[in-house]
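I opened a new page in my notebook for this one. Here is the structure I looked at.

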Amino acid sequence: MKAINETIANAIVENIEGNNGTFSIEVEVNNTLVVVDGSFEIDGYSEDDYFNGTGAWVTTYVSVCIDSVEAYDEDGNEVEVICNPTEIERYAENELAA
């Protein structure tokens, strides 16, 4: 189950653009199409003080919320997907905060 959680979380991280909004991603895992819908919020600041500023983005807050996870087999029939949305959210948040 850890592999599917990380696969979904990585797809979320790769498809998030901006500081807040919603996402709807599709990722194939073991011949199953997994569709994940949710929202995200990222906050931070640009480190740009006069003497030591690097201009780097410093993330201070990340929130990823999964609203639904659906899975479909090769024929388009809905199937049960065994994953942990909370673990996926935390993994994505950690990746976005890094």
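Below are my notes on the fold, the overall shape and the cysteines.

Ground rules first: this is a predicted model, where local features need pLDDT of at least 70 and side-chain atom pairs count only at pLDDT 80 or more, while totals for chains, interfaces and linings use all residues. Residues are numbered from 1 along each chain as its sequence is written, and side-chain values use heavy atoms, with hydrogens and water left out.

**Fold.** I found 2 helices and 4 strands (DSSP runs: H or I of at least four residues for helices, E of at least two for strands). Going along the sequence, I read the pattern as α-β-β-β-β-α.

**Shape.** I looked up the radius of gyration, taken over C-alpha atoms, and got 16 Å, whereas a compact globule of 98 residues would have one near 13 Å (the globule rule is 2.2 Å times the number of residues to the power 0.38). The C-alpha atoms fill a box of roughly 60 × 25 × 20 Å along the principal axes.

**Burial.** I noted that 29% of the 98 residues count as buried (buried is under 20% relative accessible area, exposed over 50%, partly exposed in between, with a 1.4 Å probe and protein chains only).

**Cysteines.** How many disulfides does the structure hold? I got 0, a disulfide being a pair of cysteine sulfur atoms within 2.5 Å.
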